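User: I have a model open and would like to go through its side-chain contacts with you. Can we start with the charged pairs?

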Amino acid sequence: MKIKQNAYFIFLVFLNSQAVTGSLTTPWTADVDRDHPWPEYPRPQMKRQDWLSLNGVWSYAIADMAVTEVTYEGDIVVPYCVESLLSGVERPLAPDQYLWYKSVLDVPQEWEGMRVLLHFEAVDYEAAVFVNDELAGSHSGGYDAFTIDITEYLTGEDILTVRVWDPSDTEPIPVGKQKVNNTGLESLIYYTPCSGIWQSVWLEPVPSDGYLGAVTIDTDID
């Protein structure tokens, strides 16, 4: 019995070493288009003809929360979390750091006179969204979508900036099995955090005099 236990322990150590030193890939990793990842329409209901995906290559920076002037460090592929291989970054985000994103907004001229909605399908965990350095909106929660009307912030030459804070398991928030400092044998049970934008980002024009924002179905079989 002791020999079996020792063999099992060695097996776990081997798995752990593979998990720490290796990057998780699939047969489709090389097929990802960095410039147009996840090109599908992101919303299953209320599909509108006009929309614009913002998925692709953005600029990013990881900086201490106290830093006031951010220097962008390189490219990140949205919408893959910063820790992932597909993001092109594959770096951890500490609870005392911000993850910054920046991208140019090229709003079609055909949308002039309409309201422009900015959709995030998911950002983990707390996001502050700036358009041309003005705070347009914020959201807390890593698993649900949110929308910001950015019409009033657009000037024609527009920069979108997103600041993300993700404390993961260091704060009492829903994290699933995500764990900061996920090393050792615990890494066989818990997961590396999934920080930042991890679902599609997109723009949508809607009529300025009103539009359908959501559908609620209330069934009554009686």
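User: What do the side chains of R43 and E204 meet in?

Analyst: The side chains of R43 and E204 meet in a salt bridge, with N to O at 2.6 Å, where a salt bridge means a side-chain nitrogen of Lys or Arg within 4 Å of a carboxyl oxygen of Asp or Glu. This is a predicted model, in which local features need pLDDT of at least 70 and side-chain atom pairs count only at pLDDT 80 or more, while totals for chains, interfaces and linings use all residues. Residues are numbered from 1 along each chain as its sequence is written, and side-chain values use heavy atoms, with hydrogens and water left out.

User: Where in the chain do R43 and E204 sit?

Analyst: R43 is in the loop between α1 (2-21) and β1 (52-53), whereas E204 is in strand β12 (residues 201-206), so the pair links distant parts of the chain, 161 residues apart; helices (H or I, at least four residues) and strands (E, at least two) are DSSP runs, numbered from the N terminus.

User: Are R43 and E204 buried or exposed?

Analyst: Both R43 and E204 are buried, taking buried as under 20% relative accessible area, exposed as over 50% and partly exposed as in between, with a 1.4 Å probe and protein chains only.

User: How many salt bridges does the structure hold?

Analyst: The structure holds six salt bridges, and one of them joins E73 and R91 at 2.5 Å, N to O. E73 lies in the loop between β2 (56-64) and β3 (74-78) and R91 in the loop between β3 and β4 (97-105), so this pair ties together parts that are 18 residues apart in sequence. E73 counts as partly exposed at 41% relative accessibility, and R91 is partly exposed at 30%.

User: Which residue forms a salt bridge with R115?

Analyst: D149 does, its closest N and O atoms with R115 being 3.1 Å apart. Because D149 lies in strand β9 (residues 146-149) and R115 in strand β5 (residues 115-120), the pair ties together parts that are 34 residues apart in sequence.

User: Changing topic, how many disulfides are there?

Analyst: Zero, with a disulfide taken as a pair of cysteine sulfur atoms within 2.5 Å. For C81, the nearest cysteine sulfur is that of C194, 3.5 Å away.
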